[in-house]
Amino acid sequence: MTTALITGATAGIGAAFARRLAADGHNLVLVARDTERLREQATELHDRHGIEAEVLTADLSRDEGIAAVEERLGDRLQPVDLLVNNAGFGNKGRYLDVPMADELAMLKVHCEAVLRLTSAAAAGMRERGRGGIVNVASVAAFVPRGTYGASKAWVVQFSQGAAKDLAGSGVRLMALCPGFVRTEFHQRAGMGTGNIPGWMWLDADKLVAAALADLARGRSVSVPDPRYKALMGLVKLTPRGLLGGVTSKTGRRYGPQ
């Protein structure tokens with residue numbers, strides 16, 4: 001049985017990955033900050049699917065949290081075959097309205113942790129000649145909209161570049177770029193969601209199924225829904241100057257309230 005390590009595993013997209021991978025027979029290493037929720041999740045997945053679910057409590061906005069996950073990924077006796085870098089959060093407010101400490105914490109989780117954990121996992125995977133890494137980004141990566149989008153743009157660019165460098169090694173690396181997904185993300189950030197049209201919401205379980213299919217196909221970037229694929233196609237055709245104004249207005253309409 002192979003082993004998958006998932007960060008931000010207790011809710012939303014991370015929990016959907018855990019459910020799907022457990023159902024497919026993968027053992028799991030579940031990473032999040034809340035030990036009690038992790039243990040409850042591990043017990044449920046073990047009882048339902050008969051897999052082994054290891055719990056690792058770690059705060060990826062802190063060096064010691066990242067180091068703990070790096071150490072687990074580097075364990076050659078218990079190798080991790082699939083890494084899902086899903087942990088992340090958003091800050092409510094426009095640029096200069098958000099405290100710098102909060103911005104730096106977000107960058108540490110979205111960028112530094114992704115870089116360090118991807119590197120820790122990829123080294124062993126390359127030695128073994130197989131493995132997969134999914135770095136969860138966002139469609140916000142493709143539009144000029146705030147520091148959150150900028151951090152996710154870094155995830156996409158890093159993942160694409162690393163995927164090219166690992167080509168032929170047996171290691172697949174992909175950036176996953178979802179749109180709005182019904183999770184705890186917006187609630188934790190204090191963001192209202194009542195003004196987001198129903199058609200823009202994605203189902204987390206369907207999202208994960210599409211993402212895993214794209215990873216199996218060897219894609220380095222996945223936008224796993226026809227609606228958002230169409231929107232991103234329009235974004236590519238829109239001049240950057242005009243796009244900045246449109247996304248700013250859209251962000252005020254559909255963003256944090």
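A contact here means heavy atoms within 4.5 Å. Among contacts in this protein between residues at least 6 apart in sequence, 71% join residues at least 24 apart.

Some notes on the source: this is a predicted model, in which local features need pLDDT of at least 70 and side-chain atom pairs count only at pLDDT 80 or more, while totals for chains, interfaces and linings use all residues. Residues are numbered from 1 along each chain as its sequence is written, and side-chain values use heavy atoms, with hydrogens and water left out.

The protein has nine helices and nine strands; these are DSSP runs, numbered from the N terminus, with H or I over at least four residues for helices and E over at least two for strands. Of its 257 residues, 47% count as buried. Buried means under 20% relative accessible area, exposed over 50%, and partly exposed in between, with a 1.4 Å probe and protein chains only.

Let me turn to the aromatic residues. The structure holds one aromatic pair. Trp154 and Phe158 form this pair, which is stacked, at 5.0 Å centre to centre and 10 degrees between the planes. For such pairs, ring centres of Phe, Tyr and Trp (its six-membered ring) lie within 6.5 Å; planes under 30 degrees apart count as stacked, over 60 as edge-to-face and the rest as tilted. Both residues lie in helix 5 (residues 146-165), four residues apart, about one turn of the helix. Trp154 is partly exposed at 30%, whereas Phe158 counts as buried at 19%.

Next, the charged side chains. There are 14 salt bridges, each a side-chain nitrogen of Lys or Arg within 4 Å of a carboxyl oxygen of Asp or Glu.

Which parts does the bridge between Glu127 and Arg76 tie together? The N to O distance in this bridge is 3.2 Å. Glu127 lies in helix 4 (residues 100-128) and Arg76 in the loop between helix 3 (63-73) and strand 4 (82-85), so the pair links parts 51 residues apart in sequence. Glu127 is exposed, at 60%, and Arg76 partly exposed, at 44%.

Within helix 4, Lys108 and Glu112 are four residues apart, about one turn, and their side chains meet in a salt bridge of 2.8 Å, N to O. Lys108 is buried, at 16%, while Glu112 is partly exposed, at 28%. Salt bridges that share partners join Asp63, Glu70, Lys108, Glu112 and Arg116 into one network.
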